[in-house]
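Subject: Handover of a structure

Dear colleague,

Please find below the structure that I am passing on to you.

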Amino acid sequence: MPAFDVANRIRDALDDIKAADLDDPRLMEVLSLAENLVETMKIFFGSIDHSVIDEFQHIAQYINRTREEIAALRPNDIHGSRIPTAGAELEAVVGDTERATENIMTLAEDIMAADASDPVAYKEKVDNAMMQMIEACSFQDITGQRVSKVVATLSHIEERVSRFAEVMGVLDAESEETDKEKWQNENLLNGPQLDGPATGQEAIDALFDGETSEAALGQDDIDNLFD
Amino acid sequence: MAVDMNMPVLVVDDYKTMCRIMRNLLKQLGFSNVDEAADGAEALQKMQSGKDFGLVISDWNMEPMTGYELLKQVRSDEKLKGTPFIMITAESKTENVIAAKRAGVNNYIVKPFNAATLKAKMSSVLGSF
């Protein structure tokens, strides 16, 4: 029962006692004090109750909304199905490209090692090998489809996570690097850039040939060496 | 001075396919004495075991020891410091190229590359062949 209602019931009880026309002045004095106390409590608890109730209602609404947004994320679907499938697709891409490269290189090595003294037999061997190389190149179509599925999964996750972060007003927390991540960031390069090499072979050649000095590469580049 | 086409060449790369490509390219260029290592640590062990490699061609990105760390270790080893060293990487940020040059790399090749580029860089390091 809210404190506000309790205060009302106590005040009603006091009114009943006073209406009973009791003669003891000390009792009337106590009742008067009690009435003042109840009035004070009523005001106090009334204000507390409303603010607490409002706060709890706000929290309850927020929890409900969060649950709905988390449900909209479909975390079980992402964790149990989409991510494992995407991982399997990428592993398959690596496997497909590795097998195709292996096939093509083996065929190329066979041709290079082939006896060319019999032109007819040599041509037949080369033709067969070339046809198998062309067949091996069909991996590109399959891997393209696999990569498209992975891209679709990433888009799906990105869209839902972004919406969740926006609706919930989530800000990025500071992240801590593991020891392995720290070592990798300090020692390994990031791999191929999307728009081709950051510094082309010609610029590198010029640097090694002495045609370009380190200073000509820009202060930022030099600064990065000491950062 | 003529280049010794029988000299041992050490290819350092953690991708077996890349090692195989390098072995074929080197064979095409006339170098058949090719050895392989999967990372800097294995390469350094091979180099310190006594085999006198005439050239090291190394990738940068390898664990646990990178090609850059291998380069620094080679250049600080009294017996190995004169070994010609070519770095090959898929990434070529200027600061990385400069860092490798300062550490003593003889040349730097950006992936993907072809036999002509490899021959040109090897020639600049070893002399014409």
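Read along the sequence, chain A shows the pattern α-α-α-α-α-α-α-α, that is, eight helices and zero strands. Helices (H or I, at least four residues) and strands (E, at least two) are DSSP runs, numbered from the N terminus.

Please note that this is a predicted model, in which local features need pLDDT of at least 70 and side-chain atom pairs count only at pLDDT 80 or more, while totals for chains, interfaces and linings use all residues. Residues are numbered from 1 along each chain as its sequence is written, and chains are lettered from A and ligands numbered from 1 in the order in which they are written.

Chain A

Buried residues make up 3% of the 227 residues in chain A. A residue is termed buried if 20 or more other C-beta atoms lie within 10 Å of its own, exposed if 12 or fewer, and partly exposed in between, with C-beta atoms placed from the backbone.

Helix 4 of chain A (residues 119-136) has 18 residues, of which the number buried is zero, so this helix lies largely in the open. From C-alpha to C-alpha, Ala121(A) and Phe164(A) are 66 Å apart in space, and they are 43 residues apart in sequence.

Arg74(A) is placed in the loop between helix 2 (25-73) and helix 3 of chain A. Although Arg74(A) is not a glycine, it has a positive phi of about 55°. Arg74(A) is partly exposed, with 15 other C-beta atoms within 10 Å.

The contact between the chains

Two residues are in contact if their C-beta atoms, placed from the backbone, lie within 7 Å. The contact takes 23 residues from chain A and 22 residues from chain B. On the side of chain A that touches chain B, the elements that give two or more residues are helix 3 (75-113), helix 7 (201-209) and helix 8 (219-226) of chain A. By class, that side has eleven nonpolar, eight polar and four charged residues; Ala, Val, Leu, Ile, Met, Phe, Trp, Tyr, Cys and Pro count as nonpolar, Asp, Glu, Lys and Arg as charged, and the others, Gly among them, as polar.

Chain B

Strand 1 of chain B (residues 9-12) is covered on both faces: Val9(B) and Val11(B) on one side, and Leu10(B) and Val12(B) on the other, are all buried. Strand 1 pairs in the parallel sense with strand 2 (residues 34-37) of chain B over four bridges, where two strands pair if DSSP finds at least two bridges between them. In this pairing Val12(B) stands opposite Ala37(B). Four bridges also join strand 1 to strand 3 (residues 55-59) of chain B, and these strands run parallel. Here Val11(B) stands opposite Ile57(B).

Two cis peptide bonds may be noted in chain B. One runs from Glu63(B) to Pro64(B), with omega near 0°, and Pro64(B) lies in the loop between strand 3 and helix 3 (67-76) of chain B. Another joins Lys111(B) and Pro112(B), with omega about -5°; Pro112(B) is in the loop between strand 5 (107-110) and helix 5 (115-126) of chain B.

With kind regards

Notes
Expected span 1.5 Å × (residues − 1).
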